[in-house]
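Let's take a friendly walk through some ring contacts and helix packing. Have the structure open as you read.

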Amino acid sequence: MNIFFLIILIFFSGAILSFIINKIAPKFSGITTFITIAVVVFLFFTQIEINSITQFSLGGIQMQFGVNNYTYIFAILVLGLSLLASLYSIKYMQNNDRLGYFYSNFILTVTGMLGIIFSRDFISFFIFWEIMTWSSYLIVLYNGKHSSKSGMKYMIFSAIGAYAMLTAIVSIKGSYGTFIISDAIQQGAFNFSENIYIPIMLLIGFAVKAALMPLHVWAPNAYSKSPMSFTSIFSGAMSKMGILGMGLVLASVYSQTTNDNTFSVLVLKQVLGWLGGITAVMATIYALIQTDAKKLLAYSSVAQLGYIIVGLSTGTKLGVMAALFLAVIHAVFKGALFMVAGAVEKQVGTTDMTKISGLIRKMPFTFFTALVSIIALAGIPPLGGFVGKWMLYEALITESNNYFLVIVIFFSSTAAFLYSYRFLFGLFLGQEEKETEHVKEAPVTMIIPMVILALILIVTGAYPGILFEPIAHGMHYLGFSDVNWDMSVLVNVWGEESNMAYINLSIGVVFVVVFLFLTIKGYKGTKNVGTKDISTSGEIPTENENLTFQLDFFKPFERAAAPLYKRSMDKIWNDLGNALEAIFDFTRRIYTGNGQTYALFVIIFLVILLIFKNTLFTN
Amino acid sequence: MVITPIHYIIVPLIAAFAIPLISKIHKELYRIVPGIVMFYNIIISFVLMKEVNEVGYISEIIAGWEAPWGINLIITPFSGFLVSLISVLGFLIWLYQYRFKKVIDVGEIKSYGIMQMLMITGAIGIIITGDIFNLFVFMEIVAITAVSLTSFYRGRDGAEAGFKYLLIGSFASAMVLLAILILYTQVGTLNMAEISERMHLVPQGIKATILILFIVGFGIEAELFPLNGWAPDAYSQAPGPTSAAFAGIVVKAGIYGLIRIIFTLFDIDGAFDFLIIAGLVTMIIAEFSAVKQTNLKRMLAYSSIGQMGLVLIAFGIGTKEAVFAALFLMFNHAIIKSLLFMTGSILMYNSKDKTILSIHGIAKKLPYVSILFAIGSFAIVGLPPFSGFWSKLYILTAAANKEMILLIIAILAVSIVEIVYYFRVVSKLYFAEDTEHIEIFKPSINSLIAMGVLAITIIVIGVYPDLITGYLHNAADMLLDKTSYIKFVLNNNVQIQ
Amino acid sequence: MIAIIIIIIMAVLLLAAAIYSVLHRDLLFAVLGTGIVSVILSLFFYLLQAPDVALTEAAIGIALTTIIFVITIRNTSRDEDEIIDKENEKL
Amino acid sequence: MKKVLVIILLVIIGYFLAETFINIPFGENRIGDINLEKPTAAGYYLSNTTEKSKVANVITAIVVNYRGLDTLGEVTVLFLATTGIASILYRRKEEEENAETERLSLPSSNIVRSGARVLFPTIALLGIYVFIHGHLTPGGGFQGGTIVATGFLLMLISYKGFNTNHNRMVWIESLAGLSFIFLGIWGLISDNTFLGNIPEVGKLNSLISGGLIPLIYIAVGFKVAVELTGILDILLKIKPKK
Amino acid sequence: MQEEFNEIFLKYHEIITLGVYGTAIGLMLIGLYAILTKKNLVKIVIGLSIFDAGIHLLFVGIGYVKGGTAPIFSPGYENAGNRMVDPVPQALVLTAIVIGFAVTAVALSLVIRLYKHHNTAKIDQIKSLKW
């Protein structure tokens, strides 16, 4: 049997199996999920050879499955992350009810993502896209009543995106007569000079999943409301599906730039870039004022996606490289961070940063993961985040010299320091609270995935080449030829790459040692001052303005940026929704309950047709 | 005795006339016999479909008079497809309502089964008859049964809905009668094949008038926009199985009438554009009105109207693939909407004040029904991998091939609205805290089987649509090729391979 | 000559009866009007060489339709605007 | 306001109907020559009825034989109307009890009673005559059936005590309907078309003629009579609202 | 009487045309008027039956043939086929009349039930199902 079909089949049967097993022995459905994904990972990395194509036809439509160098990057990302997440969620989801529901949808989501990676034609792409969407929607609803509203928002926006995509797909079929992606690209479906709305529609479709600015409103709630073990792949991997599509479309749009559509392409570049930049800034600003760690992480991942889109929008070799690199790194550290939040939530019961602090003693491994990932997120030198951002800046400055955008991004990434530090401090540092005395370290099956991710971060920080290699191949598929990871920014900064590895590695080792030393030292008794009772130069601050990291540290900032918070995108969308509701409520009043009115309608209709009969019905 | 199309009509009639007698033996026969008849319908369909696949058409003449003079029953791949769909649905609906004591007290009113059966027979008759006045008679059978089934419950609203239906329905029959009258004066025959053969003799103005009368008449049954005021009331007040039958069977008959008239009888081009416009208006208004409904069955009714609008749009596009897509959509709508009505009526029955608002978290008490409802709503909004997706995709592709980008956008925008109201219900079903319910009435096993069969069909077709696409393509071709229809009916020996 | 006058009279009567039965407030008389309509209609059918139809219209239209209308009126209210029996309820 | 709108609409409709029927001259012969090779349907009926189905009354031939399926459907419609009315006006047991079911009846004076007693057999006989001679003279199953039903109506409203034996009515109804269909099936067996006729029986314009046609029409007559009586019975049994 | 009718037909063709078609269409319009404006359910049903009556008259009218006789081969007229009126519309209207009666009966029983429930027969007061 064909390997692709085999994998899909395994996934579906795994979904059904975990649903059934939950009825018998709820404990094992998580394990079933883990095993299913593990089997698929094994099959994928042993059996599938890249650039192999499988032809088949469904419903009279020619379809193709296959993996190429570009999608391979995302395949690694999706499979690895979902494997770890499924391992993580065994304990995390323990003794919740409706586990079968959760796990079957979990597997279905992964199926969708992998199917998207497999499919080389638009129809199967769309099918798997939709499967991914609705299964993830069901998981967003998992947490019950208070999450159903955000789930609705998510579903509506996904539907808008998906249908924009479908419009583009069918009009490609209408104009070029094919559903195969590569053929469509060859025939110039994405060529701006031929038709501009097909690529735009597709981009809109992908932008929804990638949470680009006007369409991002679903993301924060959906990310923070769904179970953390799922959010780690929801934000880590699924958003990258949007990036995948955008990369594909944009690459072919840029490659088909000709004289007559230079301007429109330029406009597209600018618009996308600025949208990405604004997304980054706004999301960062919103992340600053969050007191719930999950919300904070959700906004920050929106911001990170903004960077990635900026990178894609440049369309230059370095920019796209930066985008892809950031995509991978972001998946890793954001997955890790959400896992951390999940661990805290599991052990403490809340992720409200104003309530808990000083978990460092209780959960050192979690703290280690958090620290590493935060460093990566903030883009502090030793780790990958820095590499990606540096490449991005360089791309923006040197290649597409777009200085304002650089400024915007730089601002947002500096602001990112603030909230990332708040996350770290609010949860882990400082003195313990009374409530968190009983807290213990998370169970080992939750620690392992987190630590693995942290180590991945360190290693990729040390050897970025590990990531550059597949990315370089992928970019070669996209048409950016002679990409070799020697031309990475690292060379320009520190000269030779190899000893760069030593430097990074040594930095990493030193860092780990210091960290362990500090933690051990931390265990020695220290005088116990509550984190919130600080005294600034002798005077006791009033309660309403307590400038600790946990409470009102960002109050001044918030005051400064008040107008930005006042009219948010959410409000605009909500007003739109209310207007539509009014319209719906109006239309149904046509059906007045009076039977005679209906009869009158019939007669009026008849008369109108009779009057216009000679204009309507002629042959 | 060799099986011929007439069995569709005489067997149920024999049963209907005989049931009052034989059920003096045992009361249960009132309920069992219709089921047997429905099952026999499936057998007939099976046999006839095999035959149709070999020879393009089956035509049977009544009372030994050749086609233009006597009444003839004709089964084309198109009508055969609809008829077998209706037969299967009819049997499933019977299976669903069998022993459905709570919702339909068949022990109390014995005639329920008979009327349901004869309504389905009337729908089949509308589809297989080749004579326009005979079609009118079957329309009347359907109308009367539908009205009396609509006002079947003792409550006050049943009668109201029934009266509205009767008022508008008698308009429909009057229009059709008038149209037949004028048509007869022009072509001097009632046989559809001969009518379409002689249609070119009719002067333009009169032709347009006839077409308009037919459109109004059948449009009422097919729930075109300004004519469908009766539909939401009737759907929401009828017993659950009957609503399922309305959505799955009666509407199909109305659509068939409209399509047969426009495609076979008339040769007017404007009719197709009219279909698109009317379908679009119908779809938009119905789907909009569905959003703020609180009665689940009424919401489903509006959604059903909207789907019919989509079907009309697809027929109006008029190309082969569009007709194919329309047939696919009719198939999907039949099974999915029947499933939704079956499950929805159970849910409504169990909700405290018979509104959507009070079915919070009922899924805990009725897990299977809720899952089936969820499957149905996923399918109807056209999410893969359920069967609804394919029909939507084919319609969009057909529209795209004629460069109707605005139409595509409109259809998709409307399906976003659909998603809104269906998923609102689904999320209420599952993910709201459960309020206390009146004692839950659990559906009996046979109802579950009936619904399960439909759900499995939805999924199987969704995963592997090729099961029916080939056949539907054939049907679409046959519908569009009317010369062979005429030739075959008028001299009975020609057989199109 | 007589015949043509008869026909015109019939046509006029027919329409008059129909209008009467539509406009008259007392439903019983309105139903009577429909009865008259049926009578004249069956005469028309007879003149138009349709004896079968005439018979049917006579039997169904005159006798049965009228009686079921009467039964209905007896079970609902005789006055179109239901003023009378509303007053009766008051009493 | 609404009335004005309606009148305007009606005027327009009337205009278009008139416009249509101006082009359909009244009294014009649209049958054409009935002895053509391929005449119109009407012409075919007029030319072939006497030979091919030995029936004097062409309309009977059409109703029962050429378009027999319509008649079957029509009988079904009546049957459905009866059952439908029964289910619409159905009353539960308890409702049945507390509603004293006294039928609508004329003020029972002796004249009416005796008149009815005299009239009823006559009317019934007339009706039966009409539908027995349906294939020779004007009239037939429907007409005769309705006439019989009017006779029953007379009895029902003039006699409080007069009750239609429901059981017997069910028997007649079912048997009549079944005999219609089975006469049709006889044709299906003999020359394998449903309702196929055996016209060889009898000669034109004699009581025994037209093969199965008179039999079917008689069955129709019985069925129509019983259905209509049933409808009247149900309607008359309703308890008027005080 | 029918014979007279036939011969005067030739003279007063227009008048008779008007007499038949006009009457029929008039009946239909009157019936429609009742359906569309009258509030009382019984009146609406009356309108329905008048509307049907108009259509039936039209049917018989278009079936009429100048100088034709009733389509019955009574003894002595065995080969009168060529001067008979069109039998098909008559057969159709036969069916239509009976069906119309059935519909009327059902409608009236519904009216009775509506009156029971709502204690009124005004169609504009019976609108508990709307929107």
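## A buried ring pair between chains

Trp134(A) and Phe386(B) are both buried. Keep in mind that this is a predicted model. The two rings form an aromatic pair, with 6.0 Å from centre to centre and 35° between the planes, which counts as tilted. Trp134(A) comes from helix α5 (residues 122–140) of chain A, while Phe386(B) belongs to the loop between α14 (367–380) and α15 (387–401) of chain B, and the pair thus crosses between chains.

## Other rings and charges

How many aromatic pairs are there over all chains? The count comes to 81. In chain A, ring pairs join Tyr101(A), Phe102(A), Tyr103(A), Phe106(A), Tyr142(A), Tyr154(A), Trp218(A), Tyr223(A), Phe230(A) and Phe234(A) into a cluster. Tyr101(A) also has the charged end of Arg98(A) over its ring, 5.2 Å from the centre.

## A buried proline in chain B

Look next at Pro232(B), in helix α9 (residues 230–237) of chain B. Its relative accessible area is 0%, so Pro232(B) is buried. Leaving aside residues up to four places away in sequence, Pro232(B) touches Arg298(B), Ala301(B), Tyr302(B) and Ile305(B), along with Tyr591(A). Thr355(B) is 123 residues from Pro232(B) along the chain, and their C-alpha atoms are separated by 15 Å.

## Helices of chains C and E

Two packed helices are described by the angle between their axes and the distance between the axes. For helix α3 (residues 51–75) of chain C and helix α4 (residues 87–118) of chain E, the axes come within 10 Å and cross at roughly 5°. The two helices, α3(C) and α4(E), are therefore roughly parallel to each other. Residues making this contact include Ile60(C), Leu64(C) and Phe69(C) of α3(C) and Val98(E), Phe101(E) and Leu108(E) of α4(E). The contact residues divide into 15 nonpolar, six polar and two charged.

Helix α1 (residues 2–23) of chain C packs with helix α2 (residues 13–37) of chain E at an angle of about 5°, their axes 10 Å apart. That makes α1(C) roughly parallel to α2(E). Among the residues in contact are Ile8(C), Ala11(C) and Leu15(C) of α1(C) and Gly19(E), Gly26(E) and Ile30(E) of α2(E). What kinds of residue make up the contact of α1(C) with α2(E)? There are 16 nonpolar and three polar residues, and no charged ones.

Methods: Residues are numbered from 1 along each chain as its sequence is written. Chains are lettered from A and ligands numbered from 1 in the order in which they are written. This is a predicted model: local features need pLDDT of at least 70, side-chain atom pairs count only at pLDDT 80 or more; totals for chains, interfaces and linings use all residues. Side-chain values use heavy atoms; hydrogens and water are left out. Rings of Phe, Tyr and Trp (its six-membered ring) pair if their centres lie within 6.5 Å; planes under 30 degrees apart count as stacked, over 60 as edge-to-face and the rest as tilted. Helices (H or I, at least four residues) and strands (E, at least two) are DSSP runs, numbered from the N terminus. Buried means under 20% relative accessible area, exposed over 50%, partly exposed in between (1.4 Å probe, protein chains only). A charge sits over a ring if NZ of Lys or CZ of Arg is within 6 Å of the ring centre and within 35 degrees of the ring normal. Axes are lines fitted to C-alpha atoms, for helices over the stretch in contact, and angles run from 0 to 180 degrees between N-to-C directions. Angles under 35 degrees count as roughly parallel, over 145 as roughly antiparallel, 65 to 115 as roughly perpendicular and the rest as oblique. Contact means heavy atoms within 4.5 Å. Ala, Val, Leu, Ile, Met, Phe, Trp, Tyr, Cys and Pro count as nonpolar, Asp, Glu, Lys and Arg as charged, and the others, Gly among them, as polar.
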